Amino acid sequence: MEKNFIVIAEFFLKPGTMEEFIGFAMEDSEKSLANEEGCLNFDVLVPRNKKNVVILYEIYKSRDAFDTHRTMPHYQPFKDGTNPLLAKEPNVQFLNTI
């Protein structure tokens, strides 16, 4: 039996772009949860001790479900819209539950 596939993506934002980034992230989260059977959880998190950082915590049924997520119509607007807001490349971790 395949275990859940977890994505933890830490985004480092340019100053003054937090609100815009969160708008894109919330849209992606809401549409992922509403339209993707394989998306089990999609939280948009703001660390208390870091400025200009947003973390996406996503749980999918499988790696295939995550790959499907990246083909959905709501994914590309998130990717294109947030790219100019980034101060540097995101730190992305892929994990599986035990």
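Visitor: Why is Arg-63 called partly exposed?

Guide: Arg-63 has a relative accessible area of 33%, and since buried means under 20% and exposed over 50% relative accessible area, with partly exposed in between (1.4 Å probe, protein chains only), the residue is therefore partly exposed. This is a predicted model, in which local features need pLDDT of at least 70 and side-chain atom pairs count only at pLDDT 80 or more, while totals for chains, interfaces and linings use all residues. Residues are numbered from 1 along each chain as its sequence is written, and side-chain values use heavy atoms, with hydrogens and water left out.

Visitor: What makes Asp-67 and Arg-63 a salt bridge?

Guide: The closest N and O atoms of Asp-67 and Arg-63 are 3.0 Å apart, and a salt bridge is defined as a side-chain nitrogen of Lys or Arg within 4 Å of a carboxyl oxygen of Asp or Glu, so the pair qualifies. The two residues are four apart in helix α2, which means that about one helical turn separates them; helices (H or I, at least four residues) and strands (E, at least two) are DSSP runs, numbered from the N terminus.

Visitor: How many salt bridges are there in the whole structure?

Guide: A search of the whole structure finds four, and one of them joins the side chains of Lys-50 and Glu-10 at 2.7 Å, N to O. Lys-50 lies in the loop between β2 (39-45) and β3 (53-60) and Glu-10 in strand β1 (residues 5-12), so this pair ties together parts that are 40 residues apart in sequence.

Visitor: Is Glu-10 buried or exposed?

Guide: Glu-10 counts as buried, because its relative accessibility is 12%, whereas Lys-50, at 40%, counts as partly exposed.

Visitor: Which residues of α1 are buried, and why are they placed on the same side?

Guide: The buried residues of α1 are Phe-21, Ala-25, Asp-28, Ser-29 and Ser-32. They cover an arc of only 100 degrees around the axis, taken from the directions from the helix axis to the C-beta atoms, and therefore lie on the same side of α1. On the other side of α1, Glu-19 and Ala-34 are exposed.

Visitor: What do the buried residues of α1 pack against?

Guide: They pack against β1, β2, β3, α2 and α3 (75-82), where contact means heavy atoms within 4.5 Å.
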